[in-house]
Amino acid sequence: MPRFERALVIGASSGIGRALAELLLKQGASVAMVSRRRAPMEELARDTSRAFVYEADVRNFDGNGEVALLFQRITHDLGGLDLIIYAAGILPAIDEHEYNFEKDRATLETNLLGAVAWLNEAATRFEQVHGGTIVGISSVAGERGRRGSPAYGASKAGFSSYLESLRNRLSRYGVRVVTIKPGFIDTEMTRGKPGLFWLISAQDAATYILRAAERGTGTAYIPARWRLVTGLLKMIPSFIFRHLPV
Amino acid sequence: MLPVERLERLKGWGGAVDATAYVYRPSTVEQLREAISTARETGHTITFRGAGRSYGDASLGRENIVIDFTRMNRILAWDPKSGIITCEPGVTIKQLWEYTIEDGWWPPVVPGTMFPTLGGVLAMNIHGKNNFNAGTIGEHVCAFEFLAASGAEFHVGRETDADLFHSIVGSFGMLGCFTSITLKLKKVYSGDLDVKVFVAKNLHKLFEIFYRELPHSDYLVGWIDGFARGSGLGRAVIHRANYLGPGVDPTPAKTLRVPHQNLPETIAGIVPKSMVWLFLRPFTNRLGMAVVNTAKYWSAVIGPRKQFRQAHAAFAFLLDYVPDWKKSYGSGGLVQYQSFIPQEHAEETFRQQLELCQKEDLVPLLAVFKRHRQDSFLMTHAVDGFSLALDFKVTEENRSKLWALTERLNALVLSAGGRFYMAKDATLTREAFRSFIGEKALHTFLELKRRFDPQGLFETELSRRLL
């Protein structure tokens, strides 16, 4: 029997989310996948009856309880829920002098507000039934305010803080909340970007992430060496950090 | 959309299966109808649940609506002259006997625990240690009110609607639910029973003693040491209990009072009952239970108490002596595998079952042996024969091996013409179910299902597994 029998992956059509859905299916779990793009999810679901596909945009959180309704439908279809992973995220390309509100709003809505909308549903449920695991794919980019991507960094900093709050709220109910801070992962989102190093595949990242979820680790850096790097980065005074090419 | 506030994680009583569900607890028939309407409007199914004392998944409905009857627990009418009582389905066996014993009446059939509800015991058509004499609980029910999926309520009498009566009783909540139940209790002249203890040195002797004692017994039950091998395979301690006739008890006014029936608050006069499961925990493993079983057997062999008087509750509700005893099995819980075998094949089949368990190194930590008689209920588990109930501890490591073992045990049961019991089941396969129920009974049952629940609103995890 898999450690997580029923899992929901939001942002499952590509990158880390897709690799996680694939790995969970391989481990024998029933997996619900949510994304704007149906075709890649259907490809994963083709050879199994344990995969469920839902086409939805995580930025649609304003309507009449649409997220709540879909969330209940998903838990009904899955027959319960043991694990939810919020892996949806965008990193729009912006140049150093660009201040584009539409891009920033899309970033914050996808990376943070969508996460809050979906994970609030999971938190309510898990608190009620005293159990479950929440995993949020945040980023080391949220550790410091970098020049390159203000809104992305802010969205990930906000997401990490939100996840920590959830952890502090829910641990007393036996609910585990895991913050994942990946370094550079070879995905569509990062491909072609300059200055990447220590790149690992999405499949390797998924393996590390599920291990952290099973252990119920509070915050996991993927791979672990990023903990040291970000620890050092955090120690750099602001007046020096602003001159660094990061 | 269903309110998340109603979401609860429910377990089968054995703790080996669980499911989250939206739980509604109506206190009136009107509220019950509303819950059914809610299910229909939101596209959910309904599972009926009494006290949740079925060992497996019979009262679980994953991510759907579970209607819990524990608030519909009023006694509606009682006639202490005739012993006929009418109750709502959430009335428990405990409520029932506590209400009637001072008038000299006792439930004619009780399970090993007093906490199931009447609706639950009738849905499963439970039996007790007196099945060979008294039959199942359904045989003592005069009539019931029954609610179908349409919201219509029917009065069903045992005599007036015999076919329907014998089809609905024991239909494990698939056709509808009871809204009131009228049954006739057993007249008793004392709050005590005469109990006698016998020891059988092996399985063959156990059968011999049962056949010898059955004509003189009101209740007869055997506890088997599942660890004993070779010539001692199936060694057992047997308890026989008989009602006291009029005038035998010198103080019936005293023994027929509730305080006389209450189970002791401490074990061995020291350990509070509520803590005993903690002390049991180190023993619920292979070595520990081998020691416990051996000690239990030999204490019966050499112990001085071979004949004594015991209160009804103390004899009947052995499972309630240690509250939460199942917790001692750990987080994986337990499954109870109970099979019913016609008498001509019973000894050989049970011998093979015990040997197979030992060979697979999955020895039941507790094994209970009973005598049964046939009945005329459509979905009956009863046979003219014997049953053996085997308790297995479930762990993450042994789970798949244990389920595989039950399939092999099923093969033995089916080849002997045996049957299974929905109140206990957690492992039966669809094929095994169809095989023991038979195509004819199943066809009749499914016809009734279409009549009373045409949209398939009533489902359980058990029915999804078996139907």
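This is a predicted model: local features need pLDDT of at least 70, side-chain atom pairs count only at pLDDT 80 or more; totals for chains, interfaces and linings use all residues.
Visitor: How do you know that chain B agrees with a compact globule?

Guide: A compact globule with 467 residues would have a radius of gyration near 23 Å, and because chain B has 22 Å, the value agrees. Chain B holds 16 helices and 21 strands, and its C-alpha trace spans about 65 × 55 × 45 Å along the principal axes.

Visitor: Why is Ile67(B) called buried?

Guide: A residue counts as buried when its relative accessible area is under 20%; Ile67(B) has 0% relative accessibility, and therefore it counts as buried. Ile67(B) sits in strand E4 of chain B, which covers residues 65-68, and, leaving aside neighbours within four places in sequence, the residues in contact with Ile67(B) include Tyr24(B), Pro26(B), Leu32(B), Ile46(B) and Phe48(B).

Visitor: What share of the residues in each chain is buried by that cut-off?

Guide: In chain A, buried residues make up 50% of the 246 residues, while in chain B they make up 60% of the 467 residues.

Visitor: What makes two residues count as being in contact, and how many residues of chain B are in contact with chain A?

Guide: Contact means that heavy atoms lie within 4.5 Å, and by that cut-off 16 residues of chain B are in contact with 14 residues of chain A. Among the residues of chain B, Met1(B), Arg9(B) and Glu63(B) lose the most area to chain A, and together they account for 41% of what that side buries.

Visitor: Why is an area given for an interface?

Guide: The size of an interface is often given as the accessible area lost when the parts come together. Here chain B and chain A bury about 1,300 Å² between them, with 52% of that area on carbon and sulfur atoms.

Visitor: Where do the charges of each chain lie on average, and how far apart are their centres?

Guide: In chain A, the mean positions of the 31 positive and 25 negative charges are 7 Å apart. Chain B has 55 positive and 49 negative side chains, and the centres of these two sets lie 5 Å apart.

Methods
Residues are numbered from 1 along each chain as its sequence is written. Chains are lettered from A and ligands numbered from 1 in the order in which they are written. Side-chain values use heavy atoms; hydrogens and water are left out. Buried means under 20% relative accessible area, exposed over 50%, partly exposed in between (1.4 Å probe, protein chains only). Lys and Arg count as positive and Asp and Glu as negative; His and the chain ends are not counted. The place of a charge is taken as NZ of Lys, CZ of Arg, CG of Asp or CD of Glu. Helices (H or I, at least four residues) and strands (E, at least two) are DSSP runs, numbered from the N terminus. Buried area is the accessible area (1.4 Å probe) that two parts lose on being put together, summed over both. The radius of gyration is taken over C-alpha atoms; the globule rule is 2.2 Å times the number of residues to the power 0.38.
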